[in-house]
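This report describes one protein chain, starting with its overall make-up and moving on to single residues.

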Amino acid sequence: MKHLFLALALSLLLLTGCAQRNASSSSASSDLTSSAAPVYTYVDSAPDMVLATLPSGNITYNGYRLYIDTNERMDRAYAKQDLALSAVLEKDLTQLGVSIDEAYFDRTASEQVEAALASEGYTQGVETLRTVSGLTDAQLQNAMKLIFRPQYLTNLLYEHYHTAAQASHPVGAVNSTPVASSADPSNAAPISSLSPEEQAEQERQSRILEDVSGQMDAYYARFKERCDFSNHEILAVIDGNAVNLTAAQKDFITYIGLSNRLNTIAKIQGGEAMLRELERRAYALDEPALAEDMAAYISSLQSDAATLVTLSDSLSSLGATLDDYYKAVERPLRLQYAGYDFSEMLVSDYAALATDDPKRPATEDEYVQQRIQELLGDGELGNILGK
């Protein structure tokens, strides 16, 4: 299988999935902070396994396996949380008397999936997914449609709250107390230019938005309390009841997990190609800036309790600690820096080309893509599943 540069082909598929990443298990992990003395327990049993190939040489799993495996497991956990959110929303919307138009959802989700699959990049990416996942075309397409379901159901709940808030704030019944609106003030006309009636309506809409925003925040807070994801064999325990995974939900989790894995491997492949070229040119990365960003990343992660629960759970299943993970993300961060610096170098190279040079592409972006493609050459993805 060719490399396909899947970071481009799969990124949009992943953007809309796994949106509710703050939904977490009700039981906290004890391994939430790194100890003063680093503790390393992870062992890669096959570090020399080929991850991907490049004209400059093979990329092995050495130094990358834990990062790749952990990211995949976390995305599978987030996928389960999205599925649970959909299940809770369906239950609550039904109890509220809100109609869920399944025909509309299926039609619109199908249209978005078909539009994605119409592009060559997505087609190639899904071909690779089909090969490594064992899912059929129908299973993959149904899994892709589930990406859009939490947002569709969330929109229905928002509309329900919005309708109720409008009724609570009828036209002409605006309190004189000022409102601290979270709405973008740049979208509002200056108060001085509005008539009294327009000012009253603007205040009314601000109060409505405040009410709806508060209700949505409260709903998500209750959702986290209602779900327990500690049993990995089921979807979740929701409102005290164990909810099993359906076949379609299992396909969705597989799709999200492997999409993430392919995306991660493709980014590593591209990053390694650019870093190696920088090293060939004797270009040195900004090591102090790298260290500073690494420290900032760890600090940010340690302050996010919900993410740490999911991360610690994923690491535990791999026989690793948080210290193992912090060590594992150093190389990918280096690749990210290499990508930024190499792209800037190419921009400078392009500017230095004579305008009448026949090898000079029409645009800067085209030149950058051509040069990166040259580095990737006929490289291929290796053992994608790492088994």
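The structure is a predicted model, in which local features need pLDDT of at least 70, side-chain atom pairs count only at pLDDT 80 or more, and totals for chains, interfaces and linings use all residues. Residues are numbered from 1 along each chain as its sequence is written, and side-chain values use heavy atoms, with hydrogens and water left out.

**The chain as a whole**

The protein chain contains 13 helices and five strands. Helices (H or I, at least four residues) and strands (E, at least two) are DSSP runs, numbered from the N terminus. Of the 387 residues in the chain, 43% are buried. Buried means under 20% relative accessible area, exposed means over 50%, and partly exposed lies in between (1.4 Å probe, protein chains only). The chain exposes about 19,600 Å², and carbon and sulfur atoms supply 52% of this area. Accessible areas come from the Shrake-Rupley method with a 1.4 Å probe; for residues, only the protein chains shown count as cover. Among contacts (heavy atoms within 4.5 Å) between residues at least 6 apart in sequence, 82% join residues at least 24 apart.

**Salt bridges**

Side chains of opposite charge can pair when their charged atoms come close. A salt bridge here is a side-chain nitrogen of Lys or Arg within 4 Å of a carboxyl oxygen of Asp or Glu.

| Asp239 | Lys91 | 2.7 Å |

What does the salt bridge between Asp239 and Lys91 tie together? Asp239 lies in the loop between strand E4 (236-238) and strand E5 (241-243), while Lys91 lies in helix H2 (residues 65-95), so the pair ties together parts that are 148 residues apart in sequence. Asp239 is partly exposed because its relative accessible area is 31%, and Lys91 is partly exposed at 35%.

Glu102 is partly exposed at 41% relative accessibility, whereas Arg149 is buried at 8%.

Glu201 and Arg204 both lie in helix H7 (residues 196-226), three residues apart, which is about one turn of the helix. Glu201 is partly exposed at 28%, whereas Arg204 is buried at 9%. Elsewhere, salt bridges that share partners join Asp69, Glu72, Arg76 and Arg261 into one network.

**The nonpolar core**

In soluble globular proteins, nonpolar side chains tend to be buried together. A nonpolar core is a set of buried Ala, Val, Leu, Ile, Met, Phe, Trp, Tyr and Cys residues joined through side-chain atoms within 4.5 Å. The largest such core has 94 residues, and those that touch the most other members are Leu51, Ile68, Tyr255, Ile268, Leu311, Tyr325 and Phe342. Leaving out residues up to four places away in sequence, Ile68 touches Leu51, Tyr61, Arg261, Thr264, Ile265 and Ile268.

**Thr154**

Beyond residues up to four places away in sequence, Thr154 touches Leu89, Met216 and Tyr220. The side chains of Thr154 and Tyr220 make a polar contact at 3.4 Å. A polar contact is a pair of N or O atoms within 3.5 Å; within protein, one must be able to donate a hydrogen and the other to accept it, and residues adjacent in sequence count only if both atoms are side-chain atoms.
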